[in-house]
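Welcome! Please take a moment to look over the sequence and the model shown here before reading on.

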Number of protein chains: 2
Amino acid sequence: MEQLKERILREGRVLPGNIIKVDGFLNHRVDTALLSDIADEFAKHFDISDITMVLTAEASGIPLATICAQRYGVPMVFAKKAKSDNIEGGLYQSEIFSYTYKKKVTLIVAQEWLGPNDKVLIVDDFMAKGYAMQGLVDIVDAAGAELKGIAIAVEKGFQGGGDSFRERGYDIHSLAIIDDATPGHIVFRDEQ
Amino acid sequence: MEQLKERILREGRVLPGNIIKVDGFLNHRVDTALLSDIADEFAKHFDISDITMVLTAEASGIPLATICAQRYGVPMVFAKKAKSDNIEGGLYQSEIFSYTYKKKVTLIVAQEWLGPNDKVLIVDDFMAKGYAMQGLVDIVDAAGAELKGIAIAVEKGFQGGGDSFRERGYDIHSLAIIDDATPGHIVFRDEQ
């Protein structure tokens, strides 16, 4: 998606440790007009008439998943991290390693809001090693729901998460795959 | 807002400890059509032509704040909880007590995305004792920005947070104020 790649080149920055900072428009300050365009772009690839919900993980996936759910006319469910008092029993849980926080966290979805009749599109703003994504996929599997696809805005291709899902046959679509990133230098993967 | 109150009465549940569970449409599974109507309702009270951004705190405030920002044509910024590696120096910080998680957390906003020229509408899905809200207000003050108002979907009136802000002269507007809640029994405050 050219518009997204241009924003990354213009406003993104690469920090030590291969961190790609796009928090001016994607995951701290959020440009909702861009998110709407991203949601439209996902709809060209996935059959969004055949999903019953959008699933993401808190926190930074929520803005994009919200806009997608609104565009597609389905509810958005976000997996919570760790247990709060507001969620009773009856939970799907998946323990993941958070690359962002450098520690294990547990993703939680109430069984009430995800079940065997659901057709799920997972949406996230970012994919690196794919640990959080695996947690979401495990939760969809545990619910007996059908995973219709994985929609990602920015994929750090050099960290292998996306390719690991591709190799296993998942329908994953990323709008900007970054194959190399050093300060001042960002290289996108060629479109297929 | 009658539509919101009806949803709370129909789908909400009161759990021990005065917890009001509305996670089927507001803060776990999210009904984006309802959020759009809530955003329109806020726009009747606040002069949304005179704001430069919507501010909220992760995680459950993000869906509503995203929809509001989209409707009002401004960016949405969400305060993060605790420090992740993706945020460099130059931070506004405010330590709050999280009623949900029963522990202290630090709200963080990058100084890059909030400054003295900003006119801020704070949006949140829920207010109880108002600790998280105070943290957001402190961050707006620290930035030298102008706080134009506080927009809340559901306020637990019996926990006093909202009234504390009203008494101090803040322009706070809640669409459903719950003054009493026991299992099977929810009482809303009369509209002024």
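## About the model

This is a predicted model, in which local features need pLDDT of at least 70, side-chain atom pairs count only at pLDDT 80 or more, and totals for chains, interfaces and linings use all residues. Residues are numbered from 1 along each chain as its sequence is written, chains are lettered from A and ligands numbered from 1 in the order in which they are written, and side-chain values use heavy atoms, with hydrogens and water left out.

## Where chain A meets chain B

Chain A and chain B each bring 41 residues to their contact (heavy atoms within 4.5 Å). About 3800 Å² is buried between them, with carbon and sulfur atoms giving 56% of that area; buried area is the accessible area (1.4 Å probe) that two parts lose on being put together, summed over both.

The two chains also pair through strands: strand 3 of chain A (residues 29–30) runs antiparallel to strand 5 of chain B over two bridges. Strands here are DSSP runs (E, at least two residues), numbered from the N terminus, and two of them pair if DSSP finds at least two bridges between them. In strand 5 of chain B, Val77(B) stands opposite Arg29(A).

## Salt bridges

Side chains of opposite charge can pair when their charged atoms come close. A salt bridge is counted when a side-chain nitrogen of Lys or Arg lies within 4 Å of a carboxyl oxygen of Asp or Glu. Over all chains the structure holds 30 of them, and two cross the interface of chain B and chain A. One salt bridge joins Lys21(B) to Glu112(A), with the closest N and O atoms 3.6 Å apart.

Within chain A, Lys21(A) and Asp23(A) form a salt bridge at 3.3 Å, N to O. Are these two residues buried or exposed? Asp23(A) is buried at 5% relative accessibility, and Lys21(A) is buried at 7% (buried means under 20% relative accessible area, exposed over 50%, partly exposed in between; 1.4 Å probe, protein chains only). In chain B, Glu11(B) and Arg10(B) meet at 3.6 Å, N to O; Glu11(B) is partly exposed at 33%, while Arg10(B) is exposed at 59%.

## A look at Ser98(A)

Ser98(A) belongs to strand 6 of chain A (residues 91–98) and is buried, with a relative accessible area of 7%. Leaving aside neighbours within four places in sequence, Ser98(A) is in contact with Lys103(A) and Val105(A).

Key: Helix = DSSP H or I, 4+ residues; strand = E, 2+ residues; numbered from the N terminus.
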